[in-house]
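Welcome to this guided tour. Open your viewer, get your selection tool ready, and follow along one stop at a time.

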Amino acid sequence: MEDRLVYLDNSATSFPKPREVLEGMVETYARLGVSPGRGAYDLAGEASEYVAEARAAVAGFFDAPDPERVVFAANATDALNLAIQGLVGPGDHVVSTRLEHNSVLRPLFHLKERGWIEYDLVPFDSHGRVAAGDIDGAIRPNTRLVVLCHGSQVLGTVQPAAEVARVCARRGVPLLLDAAQTAGQVPVDMERLGVSAMAFTGHKALLGPSGSGGLVLAPDLEVRSTRFGGTGIDSHSLRHTQAFPHRLEAGTLNMLGVIGLRLGLDIVLRTGMEGRHRLEMTLIRRLREGLSALPHVTVHSPEPNDDDLPLLICNVEGMIPEDVGAILDADYGIMVRTGLHCAPFVCADLGDCPNGSVRFSLGYRNTEEDVDRALEAMAEIARSV
Amino acid sequence: MPRERYRTVAGREILFDSEGFLWQAEDWSEDVAEQLAAEAGMAGLSFTQWKVIRFLRDFYFENGRSPLNRKIVEGVGMSLLELERLFPDGIKYGARRLAGLPNPKKCM
């Protein structure tokens, strides 16, 4: 096995994080790691200012008009839970898609199981895309929310969010965009797209640490609090603060995560998201072409567009994905994801159940050499079939 | 997918999970491994296959967990690709299952 490990699981999380993020987190947290907004001393004020600047940076990055409507959360799943549970109630209907991650499917199922809501999941086509017209057709008079996976972590396809947003605007239903895979990878401009709410995570293409992320809301969207506690303001009242962002934040913020998120954002902005994405798409096409030429290997992801994600899934005939992943790891030093990728309906619709597929997902550190190493390894595995 | 169930293997009533893994590693015996191998269409277990099975079990009981990928390579002295080919059902459903170790469930 070669000494250098090749990390191709960037859709799960980017790794390793830039040293600038890690060292900057330690330095800033050592200097400002007090409880922001909860003390009369200057350092608490400076920490609050840092957090406010981080909210502004996130709002600017996602083309959102109001930094006060940037709510920090633990990750995209946490943010999606905040939005879904805060937007729907008993008797409501939700429209989503069969592309979704369990971060959407499970909250919806939970609410349905409690007897609160009903939902419909619209299908994706053979190119891995959802049609805005299908979402239009699924909206009922009592539909209170549409949830759309912006970029599929299984297929790599980016969905027509602007088209879906136009449908939602016409039907008067808010659109919640799950940007876990797209934030920091391709532009996610809330105002241009016209989405009402957007959930993101900091630890993938934004290059921040795990435990960071958030929910960004349009100015007119009302989301109920679903967890309650200290906010540092209005402490005399037993009612949870209703002003944003505190309405959806309870307890001391993950200051270290906010610092890392802001540092990651800075790097993404400085190094240029578009150039990096172009390079990663060139690499994924090289990988796709190489894998497609191998006997006994089937690539399931559709041919990517330029604005899709740099990932693909495949299977090796006669081998379960988990074994392929173990072999890539132990024998070739290549780390990939295997299984259902937390998207059970996508795998079911592709016919990949129960074992799923092998996913290669590229990130900011990958090179042509990494792709060629993966191709050589897969060629040897395929030859053994 | 079938749920976990009891069935009689090598004269013992044993609980298996939905993927055919033993629920309790302690329920395993060489006779159980041989019967599971026969059910998988194998005509007995070779010396090398037994070596792999014994390594997996020894590691599990010494460390309280299954070995990581690279520990298997070190322990059995062969690549995982060779191990995959050694058992008709591969690493997970072949070697690990016949060794009677708990199902190595990952986030699927």
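The radius of gyration used on this tour is taken over C-alpha atoms, and the globule rule that goes with it is 2.2 Å times the number of residues to the power 0.38. Please keep in mind that you are looking at a predicted model.

**Stop 1**

Select chain A and colour it by secondary structure. How does the radius of gyration of chain A fit with that of a compact globule? For 385 residues, such a globule would have a radius of gyration near 21 Å, and chain A agrees because its own value is 21 Å.

What share of chain A counts as buried? Of its 385 residues, the figure is 51%. Contacts tell another part of the story: among those in chain A that link residues at least 6 apart in sequence, 70% join residues at least 24 apart.

**Stop 2: two domains in chain A**

Domain 1 of chain A takes in residues 6-17 together with 272-383, while domain 2 covers 19-270. Their C-alpha centres lie 27 Å apart.

Where the two domains meet, 23 residues of domain 1 of chain A are in contact with 29 residues of domain 2 of chain A.

**Stop 3: a β-α-β unit**

Hide everything except β3(A), α4(A) and β4(A). Together these three make a right-handed β-α-β unit. The strands β3(A) and β4(A) pair in the parallel sense, over 6 bridges. To see how they line up, show the residue His93(A): opposite it, in β4(A), stands Glu118(A).

Next, bring back β5(A). This strand runs parallel to β3(A), and 3 bridges join the two. Here you can pick out Val94(A), which stands opposite Leu145(A) in β5(A).

**Stop 4**

Which of its residues are buried?

Then step just past the end of α4(A) to Gly115(A), which takes a positive phi of about 85°.

**Stop 5: one residue in helix α1**

Select Val26(A), which you will find in helix α1 (residues 19-32) of chain A. Is Val26(A) buried or partly exposed? A residue needs 20 or more other C-beta atoms within 10 Å to be buried, and 12 or fewer make it exposed. Val26(A) has 14 of them within 10 Å, so it is partly exposed.

Along the chain, Val26(A) and Ile259(A) are 233 residues apart, yet their C-alpha atoms are separated by 9.2 Å.

**Stop 6: chain B**

Switch to chain B. Its secondary structure comes to 5 helices and 2 strands. Trace the chain from the N terminus, and the elements run β-β-α-α-α-α-α. Chain B is as compact as a globular protein of its length, because its radius of gyration of 13 Å is close to the 13 Å that the globule rule gives for 108 residues.

The C-alpha trace of chain B spans about 35 × 35 × 25 Å along its principal axes. Of its 108 residues, 31% count as buried. Among the contacts in chain B with a separation of 6 or more, 45% come from residues 24 or more positions apart.

**Stop 7: where the chains meet**

For the last stop, show both chains. Here 17 residues of chain A are in contact with 17 residues of chain B. On the chain A side, α10 (321-332) and α12 (368-383) are the elements that give two or more residues. The largest share, 7 residues, comes from α10(A). Colour this side of chain A by class to finish: it has 9 nonpolar, 3 polar and 5 charged residues.

Conventions
Residues numbered from 1 in each chain as written. Chains lettered and ligands numbered in written order. Predicted model: local features only at pLDDT ≥ 70, side-chain atom pairs only at ≥ 80, totals over all residues. Helix = DSSP H or I, 4+ residues; strand = E, 2+ residues; numbered from the N terminus. Contact = placed C-beta atoms within 7 Å. Nonpolar A, V, L, I, M, F, W, Y, C, P; charged D, E, K, R; others polar. Domains from an automatic or database assignment. Pairing = 2+ DSSP bridges. Right-handed = clockwise from strand over helix to strand, strands pointing away.
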